[in-house]
Amino acid sequence: MSKFKVYITRRIPDTGLDLLNGHCDVTSWEEDEAIPNEEILKHVSGINGLLCMLTDNIDKEVIEKAGPSLKVITTMSVGYEHIDIEECRRRGILVANTPNVSTDSVAELTLSLLLLTARRLIEGVDSVKSGHWGPWKPMWLCGVELTGRTVGILGLGRIGCGVAKRVRPFGISRILYNDICEVSYAGDVGAEFTDFDTMIKESDVVIICCNLSEATKHKFNKDTFKKMKKTAILINSGRGGVVQHDDLYDALTSGEIYAAGLDVTEPEPLPHDHPLVGLTNCIILPHMGSNTWDSRNHMAEIAAKNILSVMNGEVPYGLVK
């Protein structure tokens, strides 16, 4: 019997690659950069499994090119909006992702970004490198302490809950949260459910941990910023599209809010000449939430196991549809 044929659209950690090589006939795009769509089309014909990335466009054309042999598409990501789910359903192709593997890494990054922003640490590092660090001055590079502050979290899922657990020991006064409904475990982290307007009006720090949907698209806009405290800090490690970036720029430059830290933007990558990039009170990271070896190795392992499960007639752990 011929081996299960698998195509991988990027270099992945050995934890996943070794699993597949032991059981499948594997070919892959041996680059760190995103694979061009025409390259995917060249290599998918006759495959049984496709391991792709969030940046790949797995549309009807790719699926048709793969043909009836394609049994499973697994993405090394939580998001799966880059895959034509309806076409896969129509053809009986299973789609799987890698859920819950980056919860801790994203929560840690979110707290790191908050500290970078609140304490103006990037400005401090830059002052040392540029030679502007001089004699001590009492009013220089003063930031904001977290002790006694109110933190608001939009989206108290696994990541939001992880953020709440990590921020509580900093002496936070209250943790407010808003979500589509109250969650039973909120009390475990001392979080209080409230409506969105109350949360943004009363919070000193607002942290976005939600997914992008019709309800959350540009939820943070000029009207939202007007309701927030002038001393408020906005942190976004959820989805870039939750924030209207032009409105955020206006809010930061006019003093409507104090500062912002973004690990996600719209678009990604954000152009280097975007107005937000030049602001000292806006720290932008290149979507690094899951950038740990622990997370990446686990993602590769689960993606590989999803394929092996289908090969063995089992239901994959990350089954989406």
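Colleague: What makes β7 and β8 a pair of strands?

Modeller: This is a predicted model, and in it β7 and β8 are joined by three bridges in the parallel sense. A pair needs at least two bridges, so β7 and β8 qualify. Within this pair, Ile 175 stands opposite Ala 191 in β8.

Colleague: How do you know that β6 and β7 pair?

Modeller: The rule asks for at least two bridges, and β6 and β7 have five, again in the parallel sense, so they count as paired. Gly 152 is found opposite Leu 176 in β7.

Colleague: Which strands make up the sheet, and in what order?

Modeller: Seven strands form an open sheet with parallel pairing, in the order β8-β7-β6-β9-β10-β11-β12. On average, neighbouring strands are turned by 20 degrees against each other, direction ignored.

Colleague: Why is β7 called mostly covered?

Modeller: Buried means under 20% relative accessible area, and four of the five residues of β7 are buried.

Colleague: Where does helix α7 lie?

Modeller: Helix α7 (residues 158-167) lies across β6 (150-154), β7 (174-178) and β9, and runs at about 165 degrees to β6. Together, β6, α7 and β7 make a right-handed β-α-β unit.

Colleague: Now the cysteines. Is Cys 209 buried or exposed?

Modeller: Cys 209 has a relative accessible area of 13%. The cut-off for buried is under 20%, so Cys 209 is buried.

Colleague: Why is Cys 142 called partly exposed?

Modeller: The relative accessibility of Cys 142 is 42%. Exposed would need over 50% and buried under 20%, so Cys 142 counts as partly exposed.

Colleague: How many disulfides are there?

Modeller: A disulfide is a covalent bond between the sulfur atoms of two cysteines. The count here is zero. For Cys 209, the nearest cysteine sulfur is that of Cys 210, 7.9 Å away; the rule requires sulfur atoms within 2.5 Å, so Cys 209 is in no disulfide.

Colleague: What does the UniProt record annotate over residues 7-320?

Modeller: The unreviewed entry carries "domain: D-isomer specific 2-hydroxyacid dehydrogenase catalytic" there. Over those residues the chain is 34% helix and 15% strand, with the end C-alpha atoms 20 Å apart.

Terms used
Residues numbered from 1 in each chain as written. Predicted model: local features only at pLDDT ≥ 70, side-chain atom pairs only at ≥ 80, totals over all residues. Heavy atoms only, no water. Helix = DSSP H or I, 4+ residues; strand = E, 2+ residues; numbered from the N terminus. Axes fitted to C-alpha atoms, helices over the stretch in contact; angles between N-to-C directions. Contact = heavy atoms within 4.5 Å. UniProt positions renumbered as here; feature names shortened; annotations may be inferred. Buried < 20%, exposed > 50% of the residue type's maximum accessible area, 1.4 Å probe, protein only. Right-handed = clockwise from strand over helix to strand, strands pointing away.
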